Amino acid sequence: METTAVEKLKLLVQFMKGNPQGRPGKPVVIEPLSKVYFGQGQQPKLTWFGHSAALLQLDGKTLLLDPMFGRAPSPFPLIGGKRFSDKLPFEIEQLPEVDAVLISHDHYDHLDYGSIVKLKDKVKQFFVPLGVAPHLVKWGIDPAKIEEHDWWEEFSYQGLQLACTPARHFSGRSLTDRDATLWCSWVIHGRAAKIFFSGDSGYGPHFKEIGDKYGPFDLTLMECGQYDERWAAIHMMPEETVQAHLDVRGKVMIPIHWGAFTLALHDWTDPVERAVKAAKERNAMISTPKIGETVFIRAAAYPASLWWR
């Protein structure tokens, strides 16, 4: 991410001007979280809530991934980029008891204070990369409910097999704590399905290593958004997203890290349009559910509408 002073000034000017196509012209349409999601059936299912937040039900367990449900991914919400939708597909109070929350890293668009405070009494266990626990403890989470993990650590939880796996990114929530905590991706292996959650990451050989060790995956949630050639080392371009999905040996990919906030200079639909095109060219299966739409894993068909157009 290192750039010259001239490049930094140019980037600042570009962000100040903004991109007229960086946000949708009207609030994004969302699907109310289906009551079928909370049924007792054993078929694994997932709902994406925009950006990287998702709700997974696997082997009767309910997991939340990077549950950022706030209005803006910023320590100063009044000046941060606002969420594209007026509301979420649900109220946090409507969620059932959550068996576990998995966090990929401590950036504001993935670890949100307000969301965690509202969720904390519903959650049995938090799994986070090294160094992230103190944030949660400070926010009132019982330390006994938090587990920190390093890359390549494997563990089981209520019958699920999980692994904390590498990512190529960075961390920090202020000007003085850059890279003070770890960032990661997650492998979630149940009896009914195997899921890969990329977190945030630039493209690299770690994806193939993960695929060789833990693949194939029934479903991958792959970072696809908030990129720029100037910071390609920490955020993948959409074509790299599809290649990373293939590297981890994924069967079906849902592109994430888009559809909720503007954190880069590209058009808001650019990530999914390019990912769909690249997937078609490489014969990869991609699913594009609406925000709040339930996806049944290992189903005969997956959502593939072009709802953003």
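1. Helices (H or I, at least four residues) and strands (E, at least two) are DSSP runs, numbered from the N terminus. The model is predicted, so local features need pLDDT of at least 70 and side-chain atom pairs count only at pLDDT 80 or more, while totals for chains, interfaces and linings use all residues. Residues are numbered from 1 along each chain as its sequence is written, and side-chain values use heavy atoms, with hydrogens and water left out.

2. Helix 1 covers residues 5-17, 13 residues in total. From first C-alpha to last, helix 1 reaches 19 Å, close to the 18 Å expected; the expected span is 1.5 Å times one less than the number of residues.

3. Proline 20 sits in the loop between helix 1 and strand 1 (45-48). Its relative accessibility is 72%, so proline 20 counts as exposed (buried means under 20% relative accessible area, exposed over 50%, partly exposed in between, with a 1.4 Å probe and protein chains only). Tryptophan 268 is 248 residues from proline 20 in sequence, yet the two are 9.7 Å apart in space, C-alpha to C-alpha.

4. In a regular strand the side chains alternate between the two faces of the sheet. In strand 1, Lys45 and Thr47 point one way and Leu46 and Trp48 the other, and all are buried. Strand 1 is joined to strand 2 (residues 54-58) by 4 bridges, antiparallel, and to strand 14 (residues 294-296) by 3 bridges, also antiparallel; two strands pair if DSSP finds at least two bridges between them. Leucine 46 has leucine 56 as its bridge partner in strand 2 and valine 295 in strand 14. The hairpin of strand 1 and strand 2 has 5 residues between the strands, and in it glycine 50 takes a positive phi near 90°.

5. An open sheet is formed by 7 strands in the order 7-8-9-10-11-12-13, with mixed pairing. Strand 7 (153-157) and strand 13 (285-286) are at the edges with a single partner strand each, so one side of each has no neighbour in the sheet. Within this order, strand 10 (residues 194-197) and strand 11 (residues 217-223) run parallel, joined by 3 bridges. Phenylalanine 196 stands opposite threonine 220 in strand 11.

6. The whole structure has 0 disulfides, a disulfide being a pair of cysteine sulfur atoms within 2.5 Å. Cysteine 184 is in none; its nearest cysteine sulfur, in cysteine 164, is 3.7 Å away. The sulfur of cysteine 224 is 20 Å from that of cysteine 184, the closest, which is too far for a bond. Cysteine 184 is buried at 1% relative accessible area, and cysteine 224 is buried at 0%.

7. There are 2 cavities of 30 Å³ or more. A cavity is a set of points on a 1 Å grid over the protein atoms alone where a 1.4 Å probe fits but cannot get out, and lining residues have an atom within 4 Å of a point. Grid points are joined across faces, edges and corners, and a volume is the space filled by probe spheres set on the points.

8. The largest cavity holds about 50 Å³, and its lining residues include Gly22, Phe84, Trp258 and Trp268.

Methods:
1 Å grid on protein atoms, 1.4 Å probe; cavity = no way out; pocket = protein on both sides within 12 Å on 5 of 7 lines; lining within 4 Å.
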